[in-house]
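Me: Could you go through this structure with me? I would like to ask about it piece by piece.

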Amino acid sequence: MPGKLKAKIVAGRHLPVMDRASDLTDAFVEVKFGNTTFKTDVYPKSLNPQWNSEWFKFEVDDEDLQDEPLQITVLDHDTYSANDAIGKVYIDIDPLLSSEAATVISGWFPIYDTIHGIRGEINVLVKVDLFNDLNRFRQSSCGVKFFCTTSIPRCYRAVMVHGFVEELVVNEDPEYQWIDRIRTPRASNEARQRLISLMSGELQRKIGLKVLEMGGNAVVGYLQCFDLEGESGLVVRAIGTACTLDKISNTYAPASAINPCNSSPSKDTKDSPQAVPSALGCRSTHSSPVHSASSRLSQGFSVSVPTLLFAGMKHRHRSSEGPRARQCRAGFGEEAPGVPLSSGPPTPLRAQTFSSFSPSKSYSRQSSSSDTELSLTPKTARICLSPSSPTLQSKSSPIPTTKALRSTTPPPLHVSQSDTAMLRKSVSFSEDLLLAASGMGSGGSAGKEAGPLKALLRQQTQSALEQREFPFFTLTSFPAGFLLHVGGVVSARSVKLLDRIHNPDEPETRDAWWEEIRQEIKSHAKALGCHAVVGYSESTSICEEVCILSASGTAAVLSSRFMQDGALDMDHRLSRQQAPVFTSGTEKGEGDMGSSASLGFEDLAPPGCGFCHIPYDELNMPFPAQLTYCHCCRRFKVPDVLFTTIDLPTEANVTGKGCLIQARLCRTKKKAQGEGNATAISNLLPFLEYELHTQLMNKLKLRSMNALFGLRIQISIGENMLLGLASATGVYLTPLPSPGGIQIAGKTPSDITYEQHISNMQKKINDTIAKNKELYEVNPPKLFTLDPEAFRCINTELVEEVIGSPIPEPRQRSRLFRSHSESSDEVSELDLSHGKKDAFVLEIDDTDAVEDIHSLLTDAPTPPGFYSCNTEIMPGIYNWTSALQMFTSVRVFRLSNVNLTNQGLNKVFNDLCENLLKSLYFKLRSMVPCCLCHLNFTVAVPEDELIQVAVTAVAMSFDKEQTLENGRQSCDKTLMKAITENEEQLQFPLELTAESSSNPLSSAKGLSEVSGALPSARAPSVDYSSFTDRCSSWIEQLRLKAHTIRRGSIKTMSSLEKASPLPEGRSRSLRSNRSYAGGSVAVVKMTPLSFIPGTKIIKYLGIINMFFIRETTSLREEGGVSGFLHSFIAEVFAMVRAHVAALGGNAVVSYSMKECVFMENPNKNQAQCLINVSGDAVIFVRESELEATPPQPQSASTQTSSSGEGT
Amino acid sequence: MTMELDVFVGNTTIIDEEVYQLWLDGFSVADAVKMRLENGALGECEVSGEVLHSDTMDQYRTFQMCERLLHCPSKLANQLLFQIPAHHQAMLIERYYEFDHMFAREVLGKKLSKGTKKDLDDISSKTGIALKSCRRQFDNFKRVFKVVEELKGPLAENVQHHFLLSDLLAKDYAAVVFFANSRFETGKKKLQYLSFQDFAFCACQLISYWTVGAVDNMMDDMDVDLEKEFLHDLKDLKVLVNDKDMLDQHKSLVCSQLRGRIRVFTEMEANFKNLSRALINIASKLTNTKDVRDLFIDLVEKFIEPCRSDKWTAGDLTLFLTHYTSTASTLETFRYQVIWERYMGVVKSCILKMYHD
């Protein structure tokens, strides 16, 4: 069904000189969409043409609207010869198709040419009138929102998470079509850009269709990649997580009562898995080359690495397809009679938890005692949010029952802090529940009974997930209560031989390849006792005709709260909702437990440590691991090390700070062709992976940490080498046991000098560990000296009583502790539940080991004031300032020594990465204290002897003083913020609508937003108001500027007068008109993170997904390869910013550079580069402004914020 | 084993002011790295030469890419390629257009042509300023000159408007443009002791009082040229020396005012006629372009040097010139008060500025 696309070409500026004779240009513009082209008049002899064209209207299918970009070509009119193209602008109009995103695209776009780069700018206005399409068989998916962000976007609430969506599209690469090279490279590059733009539009549309089919309205964690397969074609593929999102804007309004989305999740929710413990684990398998045509070769193998990799498959299918929750429950209740039921004092908190779940349902259900008892622990974590007892926060939960009870005292007003908006509704009856719950107690029993329960729970959620082909989630952070347990990293790789894609319409081979890998991942996850994979991603590395497909994720157990099968059953929910008070009244007797059962739903496992508990069976572990009791709750087993691909959960209990940990590896390989090459590669892969893991493990221990988050292992193939780079953020998870040290052992103890050598090394390593403990503050004594309050927590733990005043003692204590820490086993002092740990032993009996140790010690520490991580959240840093610098750095290193050993290669590669990091630290030194977040390394082997490393990250400053003084407090605050965020978000738009009601337009907007809870059709007034808002704020800005100019001139004048020796003279003062002539280029921030500290994202404007090719035939003249790439990356940034600004945004979040393929031919003085970037365009406002001037209409405050920044 | 490619691009363009200065001063990357190492400004962070080299290269590239924009500073504000905070933009522009007074002194009054540009290496070796930097400064002069030359309105303001410079810098440029346009002689040996600042001050005086724009209300004035009419009218001042009565009267008035107030009274009294004649002669000759060019050399040779040889102090000179100017106005037969004061106001302040060693 149709839509009307309208475009208007307003003006151009800074055009290049196209006519040498006059030094001017006769420019005109072609506007093309689909097969329709319009032209503007020629604006003669100007470098700043004002076309001010009419509105060009395209009447098109919405299918086309989604697929096609609007193409704008600026040309120079030539009377005699052919018109010269100046450059092009592609505008993706997808953001205009969703009612919640942008409403108009208007602004200056850089005019881009693949050879010359940016050549001037053009001002364009684009609008879309879309008619509603009710056709059931439609091919379009307009209105489905796409987010690169791998968490629930900040101003939305997940009503439901539907699951994995994937799609791929293949085509022939125009670059390779014209073998005879009739076309110029420029023509084929432009064709490529156009084609890829088209393909990604099509891909998005198809994914959107799948989402609609599933009943969702958005894709979160959308990850789109290009595989340039060379002669065999071009593959564009994407994965994402389909969700039903609800805009948090107006839930305050009575509408929320009607809105079914607000009601709690359905029944499965409550019976969701609770006490399922967990552990680390990382499995990976490789299937070796399978010639796509003939699958003769298909050996598969797995690797097992100490504690990490898992070999073999253990499918532990629980009872077939899981009976419906209710029955299970009942049955279970009977089966577990021996469980002590209530015995503790009543806790008001219970009501609180309860309120955060759905009403009624739970009562009718029974609970096991384990539920009851567990329900206490989560409470403590939440209590900590109260500012009154901030320091207790993370520590109180681990303390056994007595303390837990004590901590349950805070008043029930905490209710308001519980996590989701659902709460609001439940509050009304929470008091009744309070009463109902008062008879209930908690048992002190340990979590042994959790075993059978675990199984049960798993069944239940599994039923929800098992129906899915792939229970995968591309998300890396989750709404509170969604992630229950984490098993460990699962990954799979497969080496394939590419061959020509014969039929672009049937991309079956590629589909089948990925299917295969996903199946493998799924089975790995199962073996870890998990039913889902989170933080899932896929990637490829291609060299000639060999391709490695990789997929990895984290096996996890999820709460089914956000996952339901089928569409929402509204009636059902509503009816359920109606009777809450009744239920609580009538079912009082049994309700005690009922409510506690419902409590247990998520909070069974305390949020701070629950996710660490092993999900698999302790007796039947999928790989060798040392289990201990959780150091927080002491009830469940945790592994000694945990690797994950996800972000650190906000609620996780972490000691100290985190840091970036990288394992780097380079392996030579014989040059080979085709199948032989594929075999060679797949033979090397397992070793590569094994060593990467060993390195990671060693480096982790060296930093005294016990968990990795955001693990990303990248393997790149070149003609004669393989590169492996694993990056992750190491942290010390409080629930997990403290890692032992590293011990070095030699095999031949006879030689004295050798022993001395060993002991030297041992000493070095011990020193490094001690230093790192200090640096990352994972050393408890260090904490004490800094923060006596923190000391108290641990102290309490030791003494097992709350001691009134902790202040007098700490000094002594800390000294004591320090001496312990030197012997590096203070853990045994603290740890009551498990015995001594074996130190990690490294045997240096061969060169490999020496090399390992060497690489361990060569990692330079980050300079003072710097921290680094590759996740979104850096534990231990909470008070970010708004200073922010996103950057991309690319390095290419040439190995001139042809005959390099593995060792030599390793060193080169290692140095390359280390030096790059050092350079970054130096570059950003002015931002200290700061943290490099989301450090994303990409390695490639573009040519025989070249190694390319590209990094994109953001440097964020933080306030050091605060960190030291009240780091804990602010930590609480941020936590609280994170949890109460939803409420805040509810408030803001409300105020906004109230305030702006004076303006009829914006009030119309407000109204439409209020009613927007119902999936509203786009009201035209919405566009209008935001547009006028923007205009008015622009005027505001001008005024502001004028003001400052005036002030500036006054100052300078007076100084002039003083200087003038002729006071009587007619001193002609200079009117200071240093206006930056129309300098109204809005500042657009970019960040790879999903948020900008100190700000609130108030609107998502749509996804940015751009692909550019740049080529040059005058490489030297452009400053060589570095000059060429430098300007290209700057141009890419500029184009991204321009598109965001045109959408009305002031920032890009979740920005990433997916692809950076650089090729050069210095002999011909040529180079070429392809870059693919993506992100989410947003509007943010500063929190301080929100607080200070809540009545500001939104865009005005946006403007001030954007003009106010500068760093 | 070499680094083939090494780039760093920030969303907000990072600009290191120190490196920018090194770049402006025309140092090569290698020299700049050496200087940064020696400066030890990076003391707190341990860095290797390698890191420094990479950073310097990167900065230099950025500056090179910005240079195109700096040629037309107003573009810097609304270009999209680099996101540069406003205060950094201002800094980039200001520093780029700043010039060495030593250099400006050499070029002052010369024609801004290719010929002069060829002599830049001489200037470079004479002043010790890197040739690259000389070229940049020279090109800046030329660029500003070209843009401002034909514009109407106040000179300094035009410079400021088009190049977004600070008030002081814009005034300096106005001086350079003014000197280049009128081609004042500044290179003579006798003028060597004068600094750029001295000349800039004089230029400012001339621009403020002797140009067309000085009288006309900025409507369609040109600040670059001296007002022809005024110069012509200066001939009338001759009467002060040609009319003997007037000369004597003038002298006695001045003497009566200064008696006992200046140390060099006797020398002044003896020399009064010569001094007065010198000043009036300079005024009356200004209709000739050649003599306009020689204005400063004439002032030095005819007036300043005699005074200096008589060991006048600056205070003596001030008193003398003040009363010399004011008493003439009280002469009954003298009818050119306006012209006289316009002339003497400038000449007095110029002489006072130039009267030093």
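Predicted model: local features only at pLDDT ≥ 70, side-chain atom pairs only at ≥ 80, totals over all residues.

Me: OK, rings then. How many aromatic pairs are there over all chains?

Reply: The count comes to 48 aromatic pairs over all chains. One of them is formed by Y112(A) and F1108(A), an edge-to-face pair with 5.5 Å centre to centre and 65° between the planes.

Me: And where do Y112(A) and F1108(A) lie in chain A?

Reply: Y112(A) belongs to strand β7 (residues 105-113) and F1108(A) to strand β32 (residues 1095-1112), so the pair ties together parts of chain A that are 996 residues apart in sequence.

Me: Is Y112(A) buried or exposed, and what about F1108(A), buried or exposed?

Reply: Y112(A) counts as buried because its relative accessibility is 4%, and F1108(A) is buried too, with a relative accessible area of 7%.

Me: Now chain B: what is the geometry of the pair F99(B) and F196(B)?

Reply: F99(B) and F196(B) are edge-to-face, with 5.4 Å from centre to centre and 90° between the planes. This pair links distant parts of the chain, since F99(B) sits in the loop between α5 (86-97) and α6 (101-107), while F196(B) is in helix α12 (residues 196-210), 97 residues apart. F99(B) is buried at a relative accessible area of 9%, and F196(B) is buried at 2%.

Me: Which aromatic cluster do they belong to?

Reply: Both are members of one aromatic cluster in chain B, which also includes Y20(B), W23(B), F63(B), Y96(B) and Y97(B), together with F103(B), F141(B), F163(B) and Y173(B).

Me: What about charges over rings, say at F230(B) or F201(B)?

Reply: At F230(B), the charged end of R342(B) sits over the ring, 4.1 Å from its centre. At F201(B), K353(B) lies over the face, and the distance to the ring centre is 5.3 Å.

Me: Zooming out, how many helices and strands are in chain B?

Reply: Chain B has 21 helices and 1 strand, and its C-alpha trace spans about 90 × 45 × 35 Å along the principal axes. Of its 357 residues, 56% count as buried, and among contacts between residues at least 6 apart in sequence, 70% join residues at least 24 apart.

Me: And the surface and charges of chain B, what do they come to?

Reply: Chain B exposes about 15100 Å², of which carbon and sulfur atoms supply 51%. It carries 45 positive and 53 negative side chains, and the centres of these two sets lie 7 Å apart.

Me: Switching to chain A, where is F147(A) placed?

Reply: F147(A) is in the loop between β9 (145-146) and β10 (156-171) of chain A, and it is buried, with a relative accessible area of 2%.

Me: Which residues does F147(A) touch, leaving out those up to four places away in sequence?

Reply: Among them are P153(A), Y156(A), L245(A), Y1100(A) and D1176(A), as well as residues such as A218(A), V219(A) and V220(A). As for L1101(A), it is 954 residues from F147(A) in sequence, yet the two are 9.8 Å apart in space, C-alpha to C-alpha.

Me: And K923(A), which helix is that in?

Reply: K923(A) is in helix α26 (residues 902-923) of chain A, where it is buried with a relative accessible area of 7%. Leaving aside its neighbours within four places in sequence, K923(A) is in contact with F8(B), I14(B), D55(B), D58(B) and Q59(B).

Me: Last topic, the backbone: which residues does a cis peptide bond join?

Reply: A cis peptide bond joins V928(A) and P929(A), with omega at about -5°, and P929(A) is in the loop between α26 and β29 (930-940) of chain A.

Me: What is phi at N52(A) and at H934(A)?

Reply: Most residues other than glycine have a negative phi. N52(A), however, has a positive phi of about 45°, and H934(A) has a positive phi of about 55°. N52(A) is in the loop between β3 (36-39) and β4 (56-61) and is exposed, with a relative accessible area of 53%. H934(A) is in strand β29 and is partly exposed at 21%.

Key:
Residues numbered from 1 in each chain as written. Chains lettered and ligands numbered in written order. Heavy atoms only, no water. Phe/Tyr/Trp six-rings, centres within 6.5 Å; stacked < 30°, edge-to-face > 60°. Helix = DSSP H or I, 4+ residues; strand = E, 2+ residues; numbered from the N terminus. Buried < 20%, exposed > 50% of the residue type's maximum accessible area, 1.4 Å probe, protein only. Lys NZ or Arg CZ within 6 Å of the ring centre and 35° of its normal. Contact = heavy atoms within 4.5 Å. Areas by Shrake-Rupley, 256 points an atom, 1.4 Å probe, with all protein chains shown as cover. Lys, Arg positive; Asp, Glu negative; His and termini not counted. Charge placed at Lys NZ, Arg CZ, Asp CG, Glu CD.
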